[in-house]
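Look over the structure first, then read on.

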Amino acid sequence: MLSDKMDQSTEMTSQTDIDSVVVRSAAFKQTEDLAFNDRHLIYDIATKAREELSGHFQRSFAYFTIKHRSPMMVAEMVSFLHDNEPKIMEIFGAYAHFDLKRISWSLQLLRDEIKENHEFKVFQGKAPDSEAWNQFIRNLDEDRNRWFSSVWLHAECYLYRRIWAIFRRSDTLSSYDYFAQKKIDATTSVVQLMSIVITGMRGVQRSQENFQRMLKLALWSNRCDLSINKEAPSEEFLMLMADYESDLLVDESGDIWRVLTEAWDPVYVDIVCDNAGFELFTDLLLAEYLIEAGLACRVRFHVKAIPWFISDVTKQDFLWMLNFLRRHEIAEIASFGRRLRRFMRNRSIILCETCYFWTSPHDYSQMKNLLPCLYVSLSEAALVIFKGDLNYRKLLGDINWEYTSPLIDCLRGFLPTSVCALRAIKSDIYCGLPTCMVEWLTEEDRHWMRTGKKGVIQVAIMHRLSGDALVEDLQCKHHSKE
Ligand SMILES: O=P(O)(O)OC[C@H]1O[C@](O)(CO)[C@@H](O)[C@@H]1O
């Protein structure tokens, strides 16, 4: 009995000891964090109005990402490489073992650089985009060239470019897409859903209602990326779309229908892709619909030049998806794949040449100056559809606009043609929302903007006459430079 009591009291004492150690170490961590924030000018405030998002504002998703999400993503990569080493060596040979060791070590150093808020370094080596990146880094102001003090967009793009540089330097793994397996798994896990969606959407006639439905499918598929929402979409996706209506904060799909039906022939639509997997599948479905319904005679896809934000589509992913669909054992999927191949062959669908602008740190308002040929090429389309959260941030220049500001103002001159955004909201940056909406949503859920649950379909319309003049003007400028 006595010994029982003694055991209990020892247990209680040791539990109290543990609690007090936990409290002390939490307090120590907090003091350390405060000192770090002090040293690196990180302020305990929300992002200021009309300023660029940055880790420098502690009460922002940018800070949370740089402090937690990005280092965690790098750490997850290291364990992925470790777990998959035998498989990687099988494909790339035994020497890959040494490359993997060096790569993991470099990734850990990169993680430390983020955590310690180091300065951005220029890139060594001669990749096609190195010079442009280095020029960009050298031109950054001193208070804008570190992880927490830079514009968030710059820091996040720089992170993925650094990861690519680490692999590129290796002998055996320079062309290895370290995110490919995740993208493939994400695709194969939704095969049943793909087949349901193809059957559900097959042969839908040209009508405004069907077009808007297709657009919404392409929007909600943006909920599925591998950085925020790792879960596969439900097989009831098509049915659930009716419930998603209340999550659609702005729906300008009717205006987009008018842009296309009033456009002059030949009508091109460009899609600036976001994620591979289910999202790419729905983008291809939208392309098929646009062509078959006679709303466009050509759909051009823009993809990333390097592995990007985990699940973004590269050329390799795009081609992989086409083969995967065409060779699939489920008849509906295979015949969709064959239709896509026909469209690729007769150039109704085009995969645009790899362009490093999409993986540069620049926002889209800079395209006209930095890459006028891309701007001019987009202007040939009646509509450019930008998919996803990151594209949205690049459209808005990662600026914390007043959330009621019209999209067209936030584009700051980027209007090669009518610009449409299909975005599931995954970060704290918005425009074109009704008054009071952000306050209401925040009252309900403080972090609603990080979940990808809410979405917008927005468009900034370019009225063609002035647009043609602009394109001519740009073409003249471009030629006179040559
Ligand atoms: O795939 P999307 O829609 O661009 O969204 C993913 C991205 O959204 C963000 O969480 C916020 O913009 C990025 O950090 C993230 O990688």
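The residues of the shell around the ligand divide into three nonpolar, six polar and six charged. Nonpolar here covers Ala, Val, Leu, Ile, Met, Phe, Trp, Tyr, Cys and Pro; charged covers Asp, Glu, Lys and Arg; the others, Gly among them, are polar.

The model is predicted: local features need pLDDT of at least 70, side-chain atom pairs count only at pLDDT 80 or more, and totals for chains, interfaces and linings use all residues. Residues are numbered from 1 along each chain as its sequence is written.

Of the 15 residues around the ligand, the nearest are Asp225, Gly388, Asp389, Leu390 and Ser427. Helix H17 (residues 388-396) gives the largest share of the shell, four residues. Helices (H or I, at least four residues) and strands (E, at least two) are DSSP runs, numbered from the N terminus.

The chain as a whole has 20 helices and seven strands. Its radius of gyration, taken over C-alpha atoms, is 24 Å, close to the 23 Å of the globule rule for 482 residues, so the chain is as compact as a globular protein of that length. The rule is 2.2 Å times the number of residues to the power 0.38.

Over residues 65-435, these values apply:

| Property | Value |
|---|---|
| Helix, residues 65-435 | 51% |
| Strand, residues 65-435 | 8% |
| Distance between end C-alpha atoms, residues 65-435 | 28 Å |

The C-alpha atoms of the chain fill a box of roughly 90 × 55 × 50 Å, taken along the principal axes.

How values were computed. A residue is near a molecule or strand if its C-beta atom, placed from the backbone, lies within 6 Å of it.
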